[in-house]
Amino acid sequence: MTWRALTNRLLSSLFEPPCAACKTVLSHPLDGAVCETCWAAASAMATAARLTSGAYNERFGDERAVDWAAAIGEYEGSLREIIHALKYEGRRSIAPPLGALMRSAGADLLRGADVVVPVPLHPRRERSRGFNQADDLARALGVPVRPLLRRNRYTTSQIELPKDERHRNVHDAFALADKPSAFALGASADKKGLSPHVVVLVDDVSTTGATLDACASVLKAAGAKEVRALTAARVASARR
Ligand SMILES: [Zn+2]
């Protein structure tokens, strides 16, 4: 038995650390906070998402500012538990492997992207959580990360609101981050030296798409030509 296998066995039997998603005892705690079974389930969703890339668009359409959206899968089962552990239990070690699944599920959407922009938290919420999960996920996507947006208002979580109030809740909630230099992108900048052509918004969960749409409107008003959105999960019941 290798030293690592021995340590895994010892940690597992001494401390019985639970999987952050399904709570069964981890047999390989050195490999991360989530068990192999849970990652396998989420990974199967990522594969399915890659095969059906584009199907999620139906929810946007019409006059929406988001041109193309994708997610690993629905906000349910293992994926929901994994996101929950990242976001509410502060298990930041989950972000890199979860971001890798987003990169895989959203491979088509990420192609040709100039920058990824994490959906910002209100500074007060980010202080209380200690990090922005969207930032952590964005860093795993292999595209330059630019914090181009800031959140002006402390909004209620979209998940807790009735559907018809969600758009009102996020209206005017976002603006360009105040540093003009944040928007300069060197080689990929347009003639005015201002805006990236193709921007990918990143967040953990898309509920109605209202948050992403509000962010996309700000980016388009600032000159972004195309705004796409990649989330770890989407809420199925919010489908219109
Ligand atoms: Zn598990």
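Start by selecting threonine 211, which sits in helix α9. Keep in mind that you're looking at a predicted model. Is threonine 211 buried or exposed? With 25 other C-beta atoms within 10 Å, threonine 211 counts as buried, because the cut-off is 20 or more.

Next, go for the core. The largest nonpolar core holds 68 residues, and Ile72, Ile82, Leu201 and Val202 have the most contacts inside it. Which helix gives this core its largest share? That's α9, residues 210-221, with seven residues.

Pick leucine 201 from that group and look at what surrounds it. Leaving out residues up to four places away in sequence, leucine 201 touches Val117, Val119, Leu212, Cys215, Ala216, Val227 and Ala229.

For the last stop, select helix α2 (residues 36-51) together with helix α3 (residues 77-88). Their axes come within 8 Å and cross at roughly 110°, so α2 is roughly perpendicular to α3. The crossing of α2 past α3 is left-handed. To see where they meet, show Cys38, Ala41, Ala42 and Met45 on α2, then Gly77, Ser78, Leu79, Glu81 and Ile82 on α3. What classes of residue make up the contact of α2 with α3? Colour by class and you'll get six nonpolar, two polar and one charged. You've already come across Ile82, one of the residues with the most contacts inside the largest nonpolar core.

Conventions
Residues numbered from 1 in each chain as written. Predicted model: local features only at pLDDT ≥ 70, side-chain atom pairs only at ≥ 80, totals over all residues. Axes fitted to C-alpha atoms, helices over the stretch in contact; angles between N-to-C directions. Helix = DSSP H or I, 4+ residues; strand = E, 2+ residues; numbered from the N terminus. Parallel < 35°, antiparallel > 145°, perpendicular 65-115°, else oblique. Left-handed = near helix turned anticlockwise from the far one by under 90°. Contact = placed C-beta atoms within 7 Å. Nonpolar A, V, L, I, M, F, W, Y, C, P; charged D, E, K, R; others polar. Core = buried A, V, L, I, M, F, W, Y, C linked by C-beta atoms within 7 Å. Buried ≥ 20, exposed ≤ 12 C-beta atoms within 10 Å, placed from the backbone.
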